[in-house]
Amino acid sequence: MYNQMVVRHSTAERGDSDRIDRLFHTLADPTRRDIVRLVLHTEQSVSALAERYPMSFAAVQKHVAVMERAELVYKRRHGREQLVRGDIEALRTVNRLLDQYEAVWRSRIDQMDEVLAGSEMETEPGAVAPVAPQNRTTKEKPR
Amino acid sequence: MTVMDVTKDPATLTMVVTAEFDAPVERVWQLWADPRQLERWWGPPTYPATVVDHDLVPGGTVTYFMTGPEGDKHGGWWRVLAVDAPHSLEVQDGFSDDTGSPDPDMPSTIMRVVLSEEGGGTKMVMTSTFPSLEAMEQLTDMGMEEGLRAAMAQMDEVLAA
């Protein structure tokens, strides 16, 4: 694992951790995931959202409230409408963690490929250096 | 590039990586089953792994350590949950403390690997499940720096080729 080589989880990051917990909990619901996708592109009124789903206005409003607490969306008033808009930064936080883990595995699979290719290459690139002079020697005695 | 697909599900704390290799299933299985081959890909290039124990049977243990550029050593372990050679493997994947014993303060993940024949090659589906969001955060926090360094090292290799 790449993991163990570095930092232990610092207590300073605890607040951030709670926030991320809320984000994941919020996104565990398929309706809320759908709403987030929608409002990331276009601001929507709560009543417009309520028309899309087989649930009451109050139920949609409740979902929006949960998402607002998780700071996934923002709400603002426009006349008698409540408009909901998504916060792209919040979603980036969620995906960042999984992206990092993905990078670890992409790197491993690249290395698996090298092993399968039968390359007896050294792990450290520097160790390959002596090959060049040897090649020259063989070329020099072609008689 | 043999990574075909990566699916990440934040709701279930799961990541699925699908890769295809131009080699038979038996050959790809050896990457996991042969400790000498495992240590050539498990650690990042700058932290090569050395496998100590490698008992790939249910209930068995695999232990290893990785050696950093400054000679620093970092240990880890697998607890083997299920094996069906050469098709599937499920392990709990965790860290060791300085004495080489499992470190109870460090989170572990469940890793499941399934190999199947596909178009003359092998499809590998690796599913990683984190026990909690906090554990995932802890692991990825620690992986960030080294993962980045490994990725850049590999870019260098490509550019030099």
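User: Which residues of helix α1 in chain B are buried?
Analyst: In this predicted model, helix α1 of chain B, which runs over residues 25–33, has V28(B), W29(B), L31(B) and W32(B) as buried residues.

User: And why do they line one face of that helix?
Analyst: Looking down the axis of α1(B), the buried residues fall within an arc of 140°, so they line one face of the helix.

User: Staying in chain B, how do β3 and β4 pair?
Analyst: Strand β3 of chain B (residues 49–54) and strand β4 of chain B (residues 61–67) pair in the antiparallel sense, over 5 bridges, and one of the positions to look at is D53(B), whose bridge partner in β4(B) is T63(B). These two strands form a hairpin with 6 residues between them, and G59(B) in the turn has a positive phi of about 85°.

User: What about β4 and β5 there?
Analyst: β4(B) pairs with strand β5 of chain B (residues 73–84) in the antiparallel sense over 7 bridges, with Y64(B) standing opposite G76(B) in β5(B). Here the hairpin has 5 residues between the strands, and the turn holds G71(B), which has a positive phi of about 80°.

User: Switching to chain A, how many helices and strands does it have?
Analyst: Chain A has 6 helices and 3 strands, and along the sequence they follow the pattern α-α-β-α-α-β-β-α-α.

User: In what order do those strands sit in the sheet?
Analyst: The 3 strands form an open sheet in the order β1-β3-β2, with antiparallel pairing. Its edge strands are β1 (44–45) and β2 (73–78) of chain A, each of which pairs on one side only. β2(A) and β3(A), the latter covering residues 81–86, pair over 6 bridges in the antiparallel sense, and V73(A) has G86(A) in β3(A) as its bridge partner.

User: Which helices pack on that sheet?
Analyst: Helix α2 of chain A (residues 30–41) packs on the sheet and touches β1, β2 and β3 of chain A, its direction making about 95° with that of β3(A). α4(A) packs on the sheet as well, touching β2 and β3 of chain A, and its direction makes about 120° with that of β2(A).

User: Tell me about α4, then: how many residues, and which are buried?
Analyst: Helix α4 of chain A has 13 residues (57–69) and reaches 18 Å from its first C-alpha to its last, close to the 18 Å expected at 1.5 Å a residue. Its buried residues include V60(A), H63(A), V64(A) and M67(A). These four cover an arc of only 100° around the axis, which puts them on the same side of α4(A).

User: What is on the face turned away from the buried side?
Analyst: That face of α4(A) carries the exposed residues A58(A), K62(A), A65(A) and R69(A). After the helix comes E71(A), whose phi is positive, near 60°.

User: How confident is the prediction for chain A?
Analyst: Chain A averages a pLDDT of 70, and 63% of the residues score at least 70. Over residues 1–14 of chain A the pLDDT is below 50, although this stretch has 24 contacts in the model beyond near neighbours in sequence. Over residues 120–143 of chain A the pLDDT stays under 50 too, and the model has 6 contacts beyond four places in sequence for that stretch. Where pLDDT is low, the predicted coordinates should not be read in detail.

Terms used: Residues are numbered from 1 along each chain as its sequence is written. Chains are lettered from A and ligands numbered from 1 in the order in which they are written. This is a predicted model: local features need pLDDT of at least 70, side-chain atom pairs count only at pLDDT 80 or more; totals for chains, interfaces and linings use all residues. The expected span of a helix is 1.5 Å times one less than its number of residues. A residue is buried if 20 or more other C-beta atoms lie within 10 Å of its own, exposed if 12 or fewer, and partly exposed in between; C-beta atoms are placed from the backbone. The arc is that of the directions from the helix axis to the C-beta atoms. pLDDT is the predictor's confidence in each residue, from 0 to 100. Two residues are in contact if their C-beta atoms, placed from the backbone, lie within 7 Å. Two strands pair if DSSP finds at least two bridges between them. Axes are lines fitted to C-alpha atoms, for helices over the stretch in contact, and angles run from 0 to 180 degrees between N-to-C directions.
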